[in-house]
Amino acid sequence: MFGNVAFYLPIILIGILFLASAIKVLREYERGVVFTLGRYTSTKGPGLIILIPVIQQIVRVDLRTRVLDVPTQDVISHDNVSVRVNAVIYFRVLDPEKSIIQVEDFMQATSELAQTTLRSVLGKHELDEMLSERDKLNADIQGILDTQTDAWGIKVANVEIKHVDIDESMIRAIARQAEAERERRAKIINAEGEQQAAQKLLEAAEILARQPEAMQLRYLGTLNTIAGEKNSTIVFPFPVEVGKMLARFDEDTKKD
């Protein structure tokens, strides 16, 4: 009896090892790229996969979205300002066959491509654009990466620039520039206010000039306002036309 057990035990162990190497279980988010004698034959999964041991090999590929943190890059902007920029990239594998066959390590390849693309794109823009137009820069970087990684079966879903670090001296210069910009806007707003006020005064003068009685009523209204403030000063309105008439009278007298 023990001799029979000793005879069948190696066979049983070989059968267990055979089944263990032949049967694979892939999760819902996994796909298996199958190679038969070194040649690509199919992409399988998810679920139960049966392989021919020794003859077939399988490479698992994760289809979930991956987050790639791009290391900090030293960038010279278009206006010759040195900044340090880092970003994060969200991508996923769409074609497992290409991601395994077309590139050796798609994670490293995507990381290196993201670093060079980040430096190239940001170097074409000025510092103000980096700070105020991040959405546009993110879209530009995403478009370039998506085009380049399409041959690897990878889809770049999103690119986000996280930090733009500037030297302390440049921060002070930007603060002075912002202060000067606010002063310029304040002067422009003040000048526009003076212009609008002058325009309204001109329109009011034209309306009052149509009826002399309206000007007299305006004089009386102003006197009423001054008297209501308990002011001891007496103001007498002197029409401009009377001054012009007296000036002409004085000139005529000198001529005579």
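## The loop around Asn80

Let's start with Asn80, which sits in the loop that links strand 6 (66-76) and strand 7 (82-93). Keep in mind that this is a predicted model.

You'll find Val54 in the loop between strand 4 and strand 5. With a relative accessibility of 76%, Val54 is classed as exposed.

The peptide bond between Gly45 and Pro46 is cis, with omega at about -5°. Most peptide bonds are trans. Pro46 belongs to the loop that runs between strand 3 (39-44) and strand 4 (47-50).

## Strand 5, seen from two residues

Strand 5 covers residues 56-62, and Gln56 is part of it. Is Gln56 buried or exposed? Its relative accessible area is 17%, and anything under 20% counts as buried, so Gln56 is buried. The side chain of Gln56 makes a polar contact of 3.0 Å with the side chain of Thr36. If you skip the neighbours within four places in sequence, Gln56 touches Val34, Phe35, Thr36, Ile50 and Leu51.

Arg60 is in strand 5 too, but this residue is partly exposed, at 42% relative accessibility. Which residues does the side chain of Arg60 reach through polar contacts? One is Glu30, side chain to side chain, at 3.2 Å. Another is Val25, where the side chain of Arg60 comes to the backbone oxygen, also listed at 3.2 Å. Setting aside the neighbours within four places in sequence, the contacts of Arg60 are Lys24, Val25, Leu26, Glu30 and Arg31. And then there's Gly32: its C-alpha atom is 4.6 Å from that of Arg60, although 28 residues separate the two along the chain.

## Where helix 3 meets helix 5

Now for a pair of helices. Helix 3 spans residues 106-122 and helix 5 spans residues 134-149; their axes come within 10 Å and cross at roughly 140°. That angle makes helix 3 and helix 5 oblique to each other, and their crossing is right-handed.

Which residues do the meeting? From helix 3 they are Thr110, Leu113, Ala114, Thr117, Leu118, Val121 and Leu122, and from helix 5 they are Leu137, Asp140, Ile141, Ile144, Leu145, Gln148 and Thr149. Sorted by class, this contact is made up of 9 nonpolar, 4 polar and 1 charged residues.

## The whole chain

Stepping back, how many helices and strands does the protein have? There are 8 helices and 8 strands. The protein has 256 residues, and 23% of them count as buried. As for contacts, take those with a separation of 6 or more: 61% of them are between residues 24 or more positions apart.

Note on methods. Residues are numbered from 1 along each chain as its sequence is written. This is a predicted model: local features need pLDDT of at least 70, side-chain atom pairs count only at pLDDT 80 or more; totals for chains, interfaces and linings use all residues. Side-chain values use heavy atoms; hydrogens and water are left out. Axes are lines fitted to C-alpha atoms, for helices over the stretch in contact, and angles run from 0 to 180 degrees between N-to-C directions. Helices (H or I, at least four residues) and strands (E, at least two) are DSSP runs, numbered from the N terminus. Angles under 35 degrees count as roughly parallel, over 145 as roughly antiparallel, 65 to 115 as roughly perpendicular and the rest as oblique. A crossing is left-handed if the near helix is turned anticlockwise from the far one by less than a right angle, and right-handed if clockwise. Contact means heavy atoms within 4.5 Å. Ala, Val, Leu, Ile, Met, Phe, Trp, Tyr, Cys and Pro count as nonpolar, Asp, Glu, Lys and Arg as charged, and the others, Gly among them, as polar. Buried means under 20% relative accessible area, exposed over 50%, partly exposed in between (1.4 Å probe, protein chains only). A polar contact is a pair of N or O atoms within 3.5 Å; within protein, one must be able to donate a hydrogen and the other to accept it, and residues adjacent in sequence count only if both atoms are side-chain atoms.
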